[in-house]
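Student: I would like to learn how to read helices in a structure. Could you walk me through an example?

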Amino acid sequence: MFRKLPGDETRNLVSTTPDTAVVFRPAVVRTPAILTILIFLARLFIGLVRLLWRHPVAVPVALAPGALWLAYGWRWSLAVVALVVVSGAAWALVHRASFSRLLGLRLLAWWRLVWVYRRHWQPVMIVSGLGRHIRGRDYLPRLGKVTCTSWADVVSVKMLNGQSLKDWTDRTDHIAHGFGAPSCRVSTARAGRLVLTFPRRDPLDVPMPAVPLPTVGEVGPVEIGTCEDGRPYRLKVHGTHVLVAGATGSGKGSWLWSIIRGLLPAMAAGLAEVWALDPKLMELSYGRDLFGPCYAATPEDCAELLEAAVKVMQERAARFAGVQRSHVPTVDDPFILLVVDEVAFLTAYQPDKHLRQRITAALATLTTQGRAVGVGVLAALQDPRKEVMNIRNLFPDKIALRLDESEQVDMVLGDGARDRGAHADLISSRPEQGAGVGYVRLEGSPDPVRVRAAFVSDADIRAMVAAYVSMEAA
Ligand SMILES: Nc1ncnc2c1ncn2[C@@H]1O[C@H](COP(=O)(O)OP(=O)(O)OP(=O)(O)O)[C@@H](O)[C@H]1O
């Protein structure tokens, strides 16, 4: 791409200045004007054919008013254009969803391509350092297709040869500001191709009520809230361990309770048990009746409950060895989910060293061996530093809610998560806007997903307890 052109070297060797010792007078070949015009016309023709090839519907539609004008006069042309505009507006008013899906978002994508991305592409790429300006020529990444969803622009890009994903993730701020978006997320589509996501609005900035109780008792992925694209978000809890980290008031409670809520019918059916460790005595105590004897608040009780879970785990492992390799929940061997609110109270902040060691050892054993035999850990944490939570890497699935510092994002979600757009440190601290909003990074999926957990109020928890009692009785 940056190959030397004929003449580049000669320009460095010779001089055309009259006073120097050796003067070369480069031969000037005059191109006949007709040749220049022919080349220009050929390029224009090829450009028009390519335009028609790429946009076989849009080009004829854009040309139609002109054709009507020529064939029938301007009145007909104006009438047809007005009819199309009025029909489109009526369609949008009567059935907005189908209008957006079939036409509105396509028109918007075209407009955003022309007005935002193509117009600013060259300066943004050069200034951000993703493009190069060499000897008067621009070498730019290629802007591909722009599609619009209800909340974001999705832009495909072909990188310059030799560029890496990191070159782009390091410059997401430049790119976002360059195109007037609040943020930019970068993911790989395939070798050499990227997908940039520019949110246009934040669909998660309004709280959402608790998800309706599931009707079927299953331990499959539980619906806990909504993704940015408006789809329900389902989190897998069986066969994994989940760490939820967030500053105080970030809404960890809504994640814990949404998960418990999703498991409620399975709990009533005996296919799942939630064992609650509530050292702060605030969060889980409200629904204590759901946990029966499997509720612990003091550090001693928490240690005992964790060790009891380790025993169950080891007994199951001995029984399953050579017979089955994965756990299927049954009434005899239900899925056990240990929910630990503010796990650091039991580990880093626990003054009794012996107790701290017992709890840390039990948690480490459960998180390394528990998932295959149907024992999972769901832990909430405020401070994700290693000295506070030295076993955080044993949790395959991680969720970062609002965090105080940008460095904490990678501590929770793993290296490179913030560069890939997990801006957990920028989540609003206003509860109605940011509480419960978080980035989920699942095992085996490097791209963080932004999700808001539904808000499970005290009244919802009371209703859950009542529903649980009646489901059990039924
Ligand atoms: N999903 C949500 N949607 C809207 N508001 C929420 C949501 N979750 C929590 N809130 C609000 O945010 C406030 C803080 O929530 P919560 O107590 O769950 O945070 P936390 O992370 O558990 O805090 P702490 O660690 O201090 O216990 C609550 O008063 C609640 O009203």
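Tutor: We will look at one helix and its surroundings, then at a pair of helices.

Tutor: This is a predicted model, in which local features need pLDDT of at least 70 and side-chain atom pairs count only at pLDDT 80 or more, while totals for chains, interfaces and linings use all residues. Residues are numbered from 1 along each chain as its sequence is written, and side-chain values use heavy atoms, leaving out hydrogens and water.

Student: Which residues of H9 are buried?

Tutor: Buried means under 20% relative accessible area, exposed over 50%, and partly exposed in between (1.4 Å probe, protein chains only). In H9, which covers residues 299-320, the buried ones are Cys302, Ala303, Leu305, Leu306, Ala309, Val310, Met313, Arg316 and Phe320. Seen down the axis of H9, they fall within an arc of 165° (taken from the directions from the axis to the C-beta atoms), so they line one face.

Student: Which exposed residues does the face turned away from the buried side carry?

Tutor: On H9, that face has Lys311 and Ala318.

Student: What do the buried residues of H9 pack against?

Tutor: Contact means heavy atoms within 4.5 Å. Their partners are strands S10, S11, S12 and S13, along with helix H10.

Student: At what angle do H3 and H4 pack?

Tutor: Angles run from 0 to 180 degrees between N-to-C directions, with axes fitted to C-alpha atoms over the stretch in contact. Here the angle is about 145°, and the axes lie 7 Å apart. Pro65, Leu68, Trp69 and Tyr72 of H3 meet Trp74, Trp76, Ser77, Val80 and Val81 of H4.

Definitions and conventions
Helices (H or I, at least four residues) and strands (E, at least two) are DSSP runs, numbered from the N terminus. The expected span of a helix is 1.5 Å times one less than its number of residues.
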